[in-house]
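Please walk me through this structure in plain terms.

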Amino acid sequence: MQNAKFGMRNNKPLYSKIIVIALLGVLSLFVSHAMAAEPLGKRIILDNGMVLLLSEKHEIPMVTINMALRAGSTSVPAGKPGLASITASLLTQGTTRRSANQIQQEIDFIGGSLSTGGGEDFASASLRVLKKDIRTGLDLLSDVLLNPVFDQKEIDRKVKETLAELRRQKEEPNIVAGQAFAKAVFGDHPYGRTNDDVASYLPKLTRQDIVDFYSARYTPENSIIAVVGDVSEKEIVALLNEYFKPWRRRGTPLPALAPPPEIEKTVVQKIDKDVAQANIDMGHVGISRENPDFYAVMVMNYILGGGGFSSRLMDNIRDNKGLAYDVHSGFAAQKEPGAFTVAIQTKNESANDVIAETLKEIRRIQEEPVTEKELADAKAYLSGSFPLRMDTSAKIAGMLTSIEIYHLGLDYPQKYLSMIKGITRDDVQRVAKKYLHPDKMVIVVVANQEKAKLKY
Amino acid sequence: MKRMKRLSLIVLILLLSASASGFAQNLNVTERVLPNGLKVLLKEEHKAPVVTFQVWYKVGSRNECLGKTGLSHMLEHMMFKGTKKYGPKTFSQTVQRNGGNDNAFTSHDYTAYFESFAADRIAISLDLESDRMQNLLLDPKDFQSERDVVKEERRMRTEDDPVSAMVEQMMSVAFSAHPYQWPVIGWMSDIGNFTRDDLVRYYRTYYEPNNATIVVVGDFDTKKLLAQIEKSFGKIPRGPEVPKVTAVEPKHLGERRVIVKRPAELPAVFAGYNAPTIANPDAYALDVLQGILSSGKSSRLYKSLVYEKQIALYAGGDYDDVSKDPNLFYVYAGVMPGKTTDEVEKALYDEIDRLKNDPVADEELQKAKNQVEASFIMGQDSNFYQAMLLGQYESVASWKLLEKYVDNIRAVTKEDVMRVAKEYFTADNRTVGILVPVKQ
């Protein structure tokens, strides 16, 4: 259930409406009285310094584990774009105890799943197994994190595969637009790393680069483990201390990050492609998750373009004018200020109209206060939908991880409720003025430029 | 390969709950049929204070005809455009104001609508869904602009996605007499020529209580909810029987093949074999076979084409068995730069032939079964997918098939796997689609 394209299954159901985009990050508000008093979970420091967040759930005999490791793109030394992702993806491709095939065979045989991957601030590792297979699962998880061998053959294979995948992504106009947008907004900052940057670095990548990065970043003090499921505290603490015992702290500092470029006035990038729709990305640098205005920005963005069919952009561009199937805005609020982005697809000929309407809506939310009803509706959704944000084990694990990453505290639901409750129309207008910059936008348009005839 | 990762039927199937200990999957579903023919399936889940409410109509592109393809999906869009009581734009806004999420989807065989909420908001669904089952406005002005939205949707999903465009063509060749030949979203020219009258007629014909199933999974009391459903939906009059779809795809007399040239970076190869539905007992062996071919990175297609031979960027197999009429079992792969569609196609058939010629190893068979069982248990984690499965099965056959699903999978032998491979995976029985990239 997502708004991603359904590539291949012809009879996969078509979702006519778009999904309400996850607003700002993972968390939303919590109002259910019955649950509000219960803590989300427990925070425990393990023997090796790793932080465990535990939510016991005994209804189903299964265990879901999510790990976040401070080993994403922002941890990579300058000049090595893509190193974080390839390192993470090679963890499961062979250890001192198992070949890549053995790892896959073992996890598949118990009907579980094990995966590792890169990210911007964090790399991730996740495991899901039946309760009865918890030892096998933890043995595999700890093995891939502690004992990867980074065999040269596996590196070569992964480089080849990644280069082919990066090439394939050029088929997708929304990815092409997103790449150009990230580069224009973030420049040399790691959030601006593009597929092309990665593709030009990978042929130069050495095994030593990977080993050095792995040794510096894959350490217990850089790791958070969230466990949700059918285990007791005593049991899981003992198991984690056993399986992760050999892991040692190192305390390597993070590299300094290049600042994003100053954008003085709106920049328009036109990319010509033989497509039926213009893919438009508009925006600029936004806020970090730890910005105290986060909650006011969340409410403001809901009204502007984050709130699905309750948002102004959707109402104007899709419902009233029929110009797009999907239009949404969002703030990627991470460790560092991420992007504020409005993303839209419309037929080439409508690109000018859609850009004009978007700019109009951004200016309107800055110039006029939102209505009482809009504010009340936004707050009602953001508070009332909280139970849905923790209705599966994976969602709870994700939420626990966010709470630790952004120092939100396990009483976050209660705090968050009052933060949202306190937002006023003035707050919404204030943050709209402060964090939206319609005259200093990056506008990327991937389109058949002859048909789009951009005025911008 | 995000876009190639399917919510496989297997996975979907597996997402449904069963008792953890194993056999005798009592799904704890309460079934009632109201006097007006509306079927109600309720399953209590008290793990979290949330509920998902779904209404499934047994209508999809299968019920359409050439010239009006995509009508089911167009109507689905219009179902959000209001009734007399709830004007335009208010449906989703009402749901969101109550902290809920809503959406809908259309397939070949069904159209479904759903809301997910905190458990105490379920009355909203009863009110909204009973209202739009009978009182849809279908405002002419809204219809005009929504038709444009659907065209944009088609541009996004199909026109600008080379693999989707190829699969659409492949399906149009795989079925000659049966409506599965046209895409759920419809051909562009048909979308442009729908009239409001088409929609009114379609709505009156198919949106009837006797052609619908309500599925609710979550934190509620069955007795109380059943009474509420009877109150909200019971007064809607039964409609006439819906027209039957009688089309039958004839036996194919030889391989069918389609080439699609599109601006793209990499070629892709799909081969679809005509295969039976879940109503046929062979479906269980084919599900196991699907797992052997495609479930996890130790499965045959990934291991052979992607990992060992390195001729494919992605590879897998998919089986559309939760289908009203027979559909396809297909294998597919994306071609690595420097490799050819010919060698990739041959490698796919080599794996198919192995299944026909050599019995699968005991451990491999057991692995596929373990994957099914584990996923079945893990599926209890999500109310939405439990409801989704009940709705899908009920719309194409019967939800009761799910109760015996794991037992039927357990009973599959390696002889069964070999037999169904030989029976269905023949060259004459397949349709091949090739995406040939052209530079723009």
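Apart from its neighbours within four places in sequence, A:V227 is in contact with A:L52, A:L54, A:V63, A:I65 and A:I236. The model is a predicted one. In it, A:V227 belongs to the largest nonpolar core, which has 259 residues. The members of this core that touch the most other members are A:V227, A:V299, A:M300, A:V428, B:V269, B:A312 and B:A333. Helix 10 of chain A, residues 294-306, gives the most to the core, with ten residues. In soluble globular proteins, nonpolar side chains tend to be buried together.

Chain A as a whole comes next. Its secondary structure comes to 17 helices and twelve strands. For 456 residues, a compact globule would have a radius of gyration near 23 Å, and chain A agrees because its own value is 23 Å. Along the principal axes, the C-alpha atoms of chain A fill a box of roughly 60 × 55 × 50 Å. Of the 456 residues of the chain, 55% count as buried. Among contacts in chain A with a separation of 6 or more, 81% are between residues 24 or more positions apart.

Chain A also touches chain B: 73 residues of chain A are in contact with 79 residues of chain B. By class, the side of chain A that touches chain B has 28 nonpolar, 23 polar and 22 charged residues.

In chain B, an open sheet of five strands has the order 7-11-8-10-9, with mixed pairing. Its edge strands, each pairing on one side only, are strand 7 (256-263) and strand 9 (312-319) of chain B. From one strand to the next, the twist averages 15°. Strand 8 (residues 268-275) and strand 10 (residues 327-335) of chain B run antiparallel and are joined by eight bridges; one of the bridge pairs is B:N274 with B:L328. Helix 6 (residues 162-174) of chain B lies across strands 7, 8, 10 and 11 of chain B, at about 155° to strand 7. Helix 11 (residues 300-308) of chain B lies across strand 9 and strand 10, at about 160° to strand 9.

Another part of chain B is built around strand 6, residues 212-218. Seven of its seven residues are buried, so strand 6 of chain B is largely enclosed by the rest of the structure. In a regular strand the side chains alternate between the two faces of the sheet. Here B:A212, B:I214, B:V216 and B:G218 point one way, while B:T213, B:V215 and B:V217 point the other way. Strand 2 (residues 39-44) of chain B runs parallel to strand 6 of chain B and is joined to it by six bridges, with B:L41 partnered by B:V215. Strand 3 (residues 50-57) of chain B runs antiparallel to strand 6 of chain B, with seven bridges between them; B:V55 has B:I214 as its bridge partner.

B:D120 is found between strand 5 (111-118) and helix 4 (122-132) of chain B. Because 19 other C-beta atoms lie within 10 Å, B:D120 is partly exposed, the cut-off for buried being 20 or more. B:D120 and B:S107 are 13 residues apart in sequence and 30 Å apart in space, C-alpha to C-alpha.

Note on methods: Residues numbered from 1 in each chain as written. Chains lettered and ligands numbered in written order. Predicted model: local features only at pLDDT ≥ 70, side-chain atom pairs only at ≥ 80, totals over all residues. Pairing = 2+ DSSP bridges. Helix = DSSP H or I, 4+ residues; strand = E, 2+ residues; numbered from the N terminus. Axes fitted to C-alpha atoms, helices over the stretch in contact; angles between N-to-C directions. Contact = placed C-beta atoms within 7 Å. Rg over C-alpha atoms; globule rule 2.2 N^0.38 Å. Buried ≥ 20, exposed ≤ 12 C-beta atoms within 10 Å, placed from the backbone. Nonpolar A, V, L, I, M, F, W, Y, C, P; charged D, E, K, R; others polar. Core = buried A, V, L, I, M, F, W, Y, C linked by C-beta atoms within 7 Å.
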